Amino acid sequence: MNKKKPGLSFGSILAILLTLAVSAGCLLFFARMQGEDHDARMDAEKVLRVLGDALQGPTPKTNPQATVRTVTVTLAPQAAAATPEPYVAPTAAPVMQETAVSVAEHTFTLTVGGLLGFHSDVSDAVYDKNAKSFDYASIFSSLGEHVHADLNLVTLNGVLNTEDQKYSDAYAPVSALDGIKVAGFDGVLLNTKHVLDYGTQGAEKTVSAIGAQGFLPVGVNAGNAYQNQMISLNGGSVALLSYTDVLSAKGKNALETQAGKNMLRRFDEEEAAQDIRNAREQGARCVIVFMYWGKEDATAITSAQRKTANALAKAGADLILGVHPSRVLPMEWIDTLDDSGESRRTLAVYSLGSLLTESRDGYDISGILLHLKITCQPQGGVIFHQVEYTPTYIWRQYEGEQWQYRVVCSAEEAPAGMEQKQQEVMGRALNRIQKTLEDSPAIQR
């Protein structure tokens, strides 16, 4: 039988602690007598800290290889004052999932489409007067094979009518979501100039309808949608940050209301940089910024857009995806240095063009589906393994007694029934996209 190892008795420990306390007091007393109060006080405080540590017991050791938990949280909006109801910014620590995973390399795929507008002519074309229903699914029936990433996003340039079947250029019946689903998209961005055209209630109803159909709503703070949020993709946290620098007159008025201020923040360089820092602090392995910017009829990248893109890249954004200009604009790599002086690369996509619109002006008839494969590295930074695109064309053809719209891939063989004139227009649209992107070094061929 092993003998008990000798140790200090309770009385001995108490005597040592009392001695330390008296010593600390003496040091402080003599320091004041000799005019060396500051340094001596620091020494005395060190002794007192030792005493406190002894009373509290040993400090637990940390495990340098401890795992981190996957976080799926909403990034708190930045404001000078407390945010009023009903969108109060969370002040408590993010709620974490129970499942712990090790920090490791992870890869995800992303497909993003151009601007989606269900204007009145489009709704007219798919309305069945006898059945009193809409067939938006027919518009996108040929796109499904091109939209199959881990996350597939598109920007809805308007709101949805959840009350009845009325529609206009600014809003569409809720059945328009059937078309988005058939196209293969699972996330809908709402950070557009028209999202507040029917007030905050219009935006809230749109978000509710989108969520009820199983889509991920992003871009505004309403219901279960957030302007800035974090999602988990294949075991890694990805931040989705959304901004707009363009609003309609109605949108500006709605933004001035108390609820409007909480629902949407327009782009501000300093606030966006802070959002990116918040995302990184909350564990984001990749930061994606969605920008609704520029003029609708823009034919080139503006200096303001480049300034914004460079600021976002410097702040730590990995990917910048732009919409609003009706035509496709070039893509660029932006090279910067991170906080440790290491080089990092950001992909800036200035405009994805138009996925659906009734307009036939200029470049409104075409867009792209951007396909990305991104790997997040354990030590930080991302690698773009794939940067490819599918060119799209809005085929409009008169059938029966009205126009019909279809979104097709312009690089494929013309669909059956497409008139020769439409084939020629589609070919010219494809050539414009190819010419725009042929000098983009980001595109992999």
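Mentor: Helices here are DSSP runs of H or I with at least four residues, strands are runs of E with at least two, and both are numbered from the N terminus. Keep in mind that this is a predicted model.

Trainee: OK. How many helices and strands does the protein chain have?

Mentor: Ten helices and 20 strands.

Trainee: And what share of the residues counts as buried?

Mentor: In the protein chain, 47% of the 445 residues. As for the surface, the chain exposes about 22,600 Å², with 51% of that supplied by carbon and sulfur atoms.

Trainee: What about contacts across the sequence? How much comes from residues 24 or more positions apart?

Mentor: Such pairs make up 70% of the contacts in the chain that have a separation of 6 or more.

Trainee: Switching to α10. What span should it have?

Mentor: Helix α10 covers residues 420–437, and at 1.5 Å a residue its 18 residues should span 26 Å. Its end C-alpha atoms are 26 Å apart, so expectation and model agree.

Trainee: Which of its residues are buried?

Mentor: Gln422, Val425, Met426, Ala429, Leu430, Ile433, Thr436 and Leu437. Those residues lie on the same side of α10, because the arc they cover around the axis is only 140 degrees.

Trainee: Now α4, residues 176–183. Which ones are buried there?

Mentor: Ala176, Leu177, Gly179, Ile180 and Ala183. Their arc around the axis is only 155 degrees, which puts them on the same side of α4. Among the elements covering them are β3, β6 and α5. Just after α4, glycine 184 has a positive phi of about 105 degrees.

Trainee: Which residues touch the most other members of the largest nonpolar core?

Mentor: Phe118, Phe140, Ile180, Val220, Leu355 and Leu356, out of 43 residues. Elements giving two or more residues to this core include α3, α4, α5 and β17.

Trainee: What does phenylalanine 118 touch?

Mentor: Leaving out residues up to four places away in sequence, its contacts include Tyr136, Phe140, Ala176, Ile180 and Leu356. Apart from that core lies another, of 37 residues, among them Leu240, Cys286, Ile288 and Leu319.

Conventions:
Residues are numbered from 1 along each chain as its sequence is written. This is a predicted model: local features need pLDDT of at least 70, side-chain atom pairs count only at pLDDT 80 or more; totals for chains, interfaces and linings use all residues. Side-chain values use heavy atoms; hydrogens and water are left out. The expected span of a helix is 1.5 Å times one less than its number of residues. Buried means under 20% relative accessible area, exposed over 50%, partly exposed in between (1.4 Å probe, protein chains only). The arc is that of the directions from the helix axis to the C-beta atoms. Contact means heavy atoms within 4.5 Å. A nonpolar core is a set of buried Ala, Val, Leu, Ile, Met, Phe, Trp, Tyr and Cys residues joined through side-chain atoms within 4.5 Å. Accessible areas come from the Shrake-Rupley method with a 1.4 Å probe; for residues, only the protein chains shown count as cover.
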